[in-house]
Amino acid sequence: MVFNTGAALLDAIVLAVVSKEEEGTYGYKITQEVRGVLDVSESTLYPVLRRLKKDDCLETYDMAYAGRNRRYYRLTEKGTAQLNLYKVEWKNYSSKITRLFEGGL
């Protein structure tokens, strides 16, 4: 992609991916789903997950899987509210850009 992805957009994308699973999802799966729409590395995403957890948008829990612990992430109430705000902001922002690209204002 030729456009830079800012921190807020990356936060919004991660929250959207995590929100798809009510019981939560794990880091590798989040990485794979984000990579489906954006070219990012794990070393970029894990700090985002830590920041969202620190900001109380995500909570974590560990569960055994194949003989080792797997860390799961799920949205908190604050994370759901933040995702909803991002959705509204994205809709407004993207519609303005689309109108501009199509010759209007």
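Residues are numbered from 1 along each chain as its sequence is written. In this predicted model, local features need pLDDT of at least 70 and side-chain atom pairs count only at pLDDT 80 or more, while totals for chains, interfaces and linings use all residues; side-chain values use heavy atoms, with hydrogens and water left out. Helices (H or I, at least four residues) and strands (E, at least two) are DSSP runs, numbered from the N terminus.

Three strands form an open sheet in the order β1-β3-β2, with antiparallel pairing. The edges are taken by β1 (25-26) and β2, each with a single partner strand, so one side of each is left without a neighbour in the sheet. Two strands are taken to pair if DSSP finds at least two bridges between them. Strand β2 (residues 58-65) is joined to β3 by eight bridges, and the two run antiparallel. Within this pair, Y61 stands opposite Y72 in β3. The hairpin of β2 and β3 has two residues between the strands, and A66 takes a positive phi near 50° there. On the β1 side, two bridges join β1 to β3, again in antiparallel fashion, and T25 stands opposite Y73 in β3.

T76 lies in the loop between β3 (68-75) and α4 (77-101). Its relative accessibility is 15%, and T76 therefore counts as buried (under 20% relative accessible area; exposed is over 50% and partly exposed in between, with a 1.4 Å probe and protein chains only). Leaving aside residues up to four places away in sequence, T76 touches D56, C57, L58 and E59, where contact means heavy atoms within 4.5 Å.

Two packed helices are described by the angle between their axes and the distance between the axes. Axes are lines fitted to C-alpha atoms, for helices over the stretch in contact, and angles run from 0 to 180 degrees between N-to-C directions. Helix α1 (residues 7-19) and α4 have axes that come within 9 Å and cross at roughly 120°. The two helices α1 and α4 are therefore oblique to each other (angles under 35 degrees count as roughly parallel, over 145 as roughly antiparallel, 65 to 115 as roughly perpendicular and the rest as oblique). The crossing of α1 past α4 is left-handed, that is, the near helix is turned anticlockwise from the far one by less than a right angle, whereas clockwise would be right-handed. This contact involves A8, L9, D11, A12, L15, A16 and S19 of α1 together with G79, Q82, L83, Y86 and W90 of α4. By class, the contact of α1 with α4 has eight nonpolar, three polar and one charged residues (Ala, Val, Leu, Ile, Met, Phe, Trp, Tyr, Cys and Pro count as nonpolar, Asp, Glu, Lys and Arg as charged, and the others, Gly among them, as polar).

Helix α1 also packs against helix α2 (residues 27-35), at an angle of about 120° with the axes 10 Å apart. The pair α1 and α2 is therefore oblique, and α1 passes α2 in a right-handed crossing. From α1, I13, V14, V17 and V18 meet I30, E33 and V34 in α2. The contact of α1 with α2 divides into six nonpolar, no polar and one charged residues.

Helix α2 packs in turn with helix α3 (residues 42-54) at an angle of about 115°, their axes 10 Å apart. The crossing of α2 and α3 is right-handed. Residues G27, Y28, I30, T31, V34 and R35 of α2 make this contact with E42, L45, Y46 and L49 of α3. The contact of α2 with α3 comprises six nonpolar, two polar and two charged residues.
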